[in-house]
Amino acid sequence: MLKIEGLSVSYGPRRVLYNISLEVISGEVLALIGPNGAGKSTLVRAVSGVIPVESGGIRSDDINRPSVNLLSLSPMQRARSLAVVPQAASMPPAFTVWETVLMGRTPHLNFLGQVSAKDEAIARLALQKVDALDLSERRVGELSGGEQQRVLLARALAQSTPILLLDEPTSNLDLHYQVSFMETVSALAHQDKLAVLVALHDLNLAARYADRMALLVDGEIKATGTPRQVLTPELISMAYHLPVQVIPHPYADAPLVLPVNN
Amino acid sequence: MKIRPYLYTLLFLLLAVVLSIAIGSVFIPPGDLGRILIGWLNQATFSEPLKTFAFILTGIRLPRTVLILLTGAALGGSGAAYQGLFRNPLADPYLIGVASGAGLGAVLAMSVKFSYSFWGLMAVPAAAFIGALLTVFLVYTLARVGKTVPTTNLILAGVAFGSFATAITTYLMLRSTGELHRAIAWLNGGSSQAGWEPVLAMLPFLAIGLGILLLSGHALNLLQFGDDQAQQMGLPVMRVRTLILLAASLATAAAVSFSGIIGFIGLIVPHVMRLWFGADYRRLLPLSLIGGAGALLLADVIARSVMAPQELPVGIVTALVGAPFFLWVLRRAKNQGYW
């Protein structure tokens, strides 16, 4: 599981994350929601080690292994515990899907990037899990947005990490791909016992597929809990500066957030 | 038909080497070349005309061929590395100031009348080498922001400093009384030094620089996804980028210090290799190295032969021949997404 403890991050003199504490349990999907500029992407980047952390701790806890302080690890070591699925924007078009997914094996390879049969098997399995094995020989530049996003998920899965971070992966996807992508992520989290933290901007998508949620506003966690606990009219109206109503979803076991027009 | 990139490229290099050794003011027929080679292996002594040919070979042709081969390899390899590092198809080995720094050093050295001794002959190359490395160091330091060196800053600082160095160089050239012609020839790529000394002087720097580059293919692949994703996949981005940058600059500085500024090889050879054989840098780097060596050898043969007995600066040939050739390759490329 992923444990974020009292994390604070600043961009120079400007504080952007205040004392963030979150736990993501293995086998669950935690959706990080909040308005633009709240700090969702910043949190993902800080946890993955791309931006420096001012104070606080990030740990990886597994039942059979001692607790690991992720902040003290080198990029290579951290990449064995944590994989990130970014938005599928401006990917290098000339690599094939197969080559791209194989690069996810980097933390387990030598610096020349030589792959073994085992690495290829893992890459193949990752592509199967996202249903993209038939795309293997295609160049990434020729794929649709949804296909590219699946390839990035496969690459992260090939990294074979217990923790998965996704940074607004559905932002550029159409309705079909949004739903199918989150279905895949949710199934993988439950089946493979991954700790999945996904930053999402679509509240109802998050409500359908998240086991728990955390509401981030202006760099602070305002609420954590089940979707029903976090998606209340009071909290959401306050966070998004917009009056909303929350009703039970007509046929799914989740709340449904509706903006209220005057 | 199975494409064999290494086979084709090595054959191309072999052809270029044979042409470079055979062609010159005295034409050595390939048949005689073979006979000399066999003779060397059997430690035989030669009679005329093989004896003269062998003398020309060891004293002039072979060292020159090896020098050009190494220079072309350095330019091709570092060109590929720069394009990968900066994720920019316009990048070439001179992007952050190696050319302008080397030019300034060389022209400064040319304005001093050195004695005709070993150190006197080494003065221009040494000054060029130091000028190139000093410029890269300055540009790198200027571009640094805290602990990172952003790509954009590097390019901007390189362009700014390059203009500055070129301005001083031009001023020195205008002020000179006799050295102007020599400076222009050097700045367009002219290797005027014969013998094995230049090769031996270049070799350690090239070995280190190109050696590091040849091992950097996988890292360059990862860097194509951007610094963030490369780091998230496990690459220590800042350290690796600095290492590759220094290795490429070292190789380029060593190459230009004896051969002058030869353009287009570092820019075009990697693109041609990418068009024909794909964007995987683990393959692209060695192929650009071999291809650069062959291309420069061919350009040098043309430069020596076209206006014989005069020698054109090889940089003019690479520009005149290289640009149209690349445009032709580009037009024939079937796949649009090659970059």
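Start with helix H1 of chain A: select Lys40(A), Thr42(A), Leu43(A), Val44(A), Arg45(A), Ala46(A) and Val47(A), which are buried. Buried here means that 20 or more other C-beta atoms, placed from the backbone, lie within 10 Å of the residue's own; 12 or fewer makes a residue exposed, and anything in between is partly exposed. Helices are DSSP runs of H or I with at least four residues, strands are runs of E with at least two, and both are numbered from the N terminus.

Before you click on, two notes on what you're looking at. This is a predicted model, in which local features need pLDDT of at least 70 and side-chain atom pairs count only at pLDDT 80 or more, while totals for chains, interfaces and linings use all residues. Residues are numbered from 1 along each chain as its sequence is written, with chains lettered from A and ligands numbered from 1 in the order in which they are written.

Now show the whole of H1(A), residues 40–47. Seven of its eight residues are buried, so the rest of the structure largely encloses this helix. Just past its end, pick Gly49(A), where phi is positive at about 90°.

What does H1(A) pack on? It lies on a sheet, touching S1, S2 and S4 of chain A, and its direction makes about 70° with that of S2(A). Contact means C-beta atoms, placed from the backbone, within 7 Å. For the angle, axes are lines fitted to C-alpha atoms (for helices, over the stretch in contact), and angles run from 0 to 180 degrees between N-to-C directions.

Colour that sheet next. It is open, with four strands in the order S2-S1-S4-S5 (chain A) and antiparallel pairing; two strands pair if DSSP finds at least two bridges between them. S2 (14–24) and S5 (65–69) of chain A are the edge strands, each with a single partner, so one side of each has no neighbour in the sheet. On average, neighbouring strands are turned by 20° against each other, direction ignored.

S1 (residues 2–11) and S4 (residues 55–62) of chain A run antiparallel and are joined by five bridges. Select Glu5(A) and you'll find Gly57(A) of S4(A) opposite.

Zoom out to all of chain A. It has nine helices and 12 strands, and its C-alpha trace spans about 60 × 40 × 35 Å along the principal axes. Of its 262 residues, 43% are buried. The radius of gyration, taken over C-alpha atoms, is 18 Å, which agrees with the value near 18 Å for a compact globule of 262 residues; the globule rule is 2.2 Å times the number of residues to the power 0.38.

Switch to chain B, with 14 helices and zero strands. Its radius of gyration of 21 Å is close to the 20 Å that the globule rule gives for 339 residues, so chain B is as compact as a globular protein of that length. Here 49% of the 339 residues count as buried. The C-alpha atoms fill a box of roughly 65 × 60 × 35 Å along the principal axes.

Last stop: where the chains meet. Chain A brings 26 residues to the contact and chain B brings 20. On the chain A side, helix H2 (75–81) and helix H3 (97–103) are the elements giving two or more residues, and H2(A) has the largest share, three residues.

Definitions and conventions. Two residues are in contact if their C-beta atoms, placed from the backbone, lie within 7 Å.
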